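Reader: Hi! Could you walk me through this one?

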Amino acid sequence: MYRERSTNDMKEQKLTPCGVDCAEDCRSYKTACAGCHELRGEVPWLHFLELTSCPVYDCVTVEKGQTSCAGCGGFPCDKFAGIKNPAVPEEEYQAMLQTQW
């Protein structure tokens, strides 16, 4: 059964609200990025997408007051499409979403 992680658990594991493990999955972590929670969704790679704040982070933390997308019945939603790396093939992207939550 699903167990919502606390914010402290998420920070220790470096899991973002969308389920990415910063320490394992992000090349920028600890070099150009302190982590999604620490930067309150204003991660450096967003400038490539002409965004200043991550729409997934904003939805989870600001709009819904949660710590992750894990319990959301709408996962994955259209907000994910807005932050998709265009270099990642669609099939690979869909497979990645299936492993997140």
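Reader: What does the accessible surface come to?
Author: About 6700 Å², and 51% of that belongs to carbon and sulfur atoms. Areas here follow the Shrake-Rupley method with a 1.4 Å probe. Keep in mind that this is a predicted model, where local features need pLDDT of at least 70, side-chain atom pairs count only at pLDDT 80 or more, and totals for chains, interfaces and linings use all residues. Residues are numbered from 1 along each chain as its sequence is written, and side-chain values use heavy atoms, with hydrogens and water left out.

Reader: Thanks! What is the average pLDDT?
Author: The protein averages 81, and 86% of the residues score at least 70; pLDDT is the predictor's confidence in each residue, from 0 to 100.

Reader: Which element has the lowest mean?
Author: Helix H1 (residues 7–13), with 49, while H3 has the highest, 93. Helices are DSSP runs (H or I, at least four residues), numbered from the N terminus. Over residues 1–12 the pLDDT is below 50. Where pLDDT is low, the predicted coordinates should not be read in detail.

Reader: Good to know. How many helices and strands are there?
Author: Five helices and zero strands.

Reader: Switching topic: how much of the protein counts as buried?
Author: Of its 101 residues, 34% do, where buried means under 20% relative accessible area with a 1.4 Å probe, protein chains only.

Reader: And what share of contacts joins residues 24 or more positions apart?
Author: Among contacts with a separation of 6 or more, 46%; a contact means heavy atoms within 4.5 Å.

Terms used. Helix = DSSP H or I, 4+ residues; strand = E, 2+ residues; numbered from the N terminus. Buried < 20%, exposed > 50% of the residue type's maximum accessible area, 1.4 Å probe, protein only.
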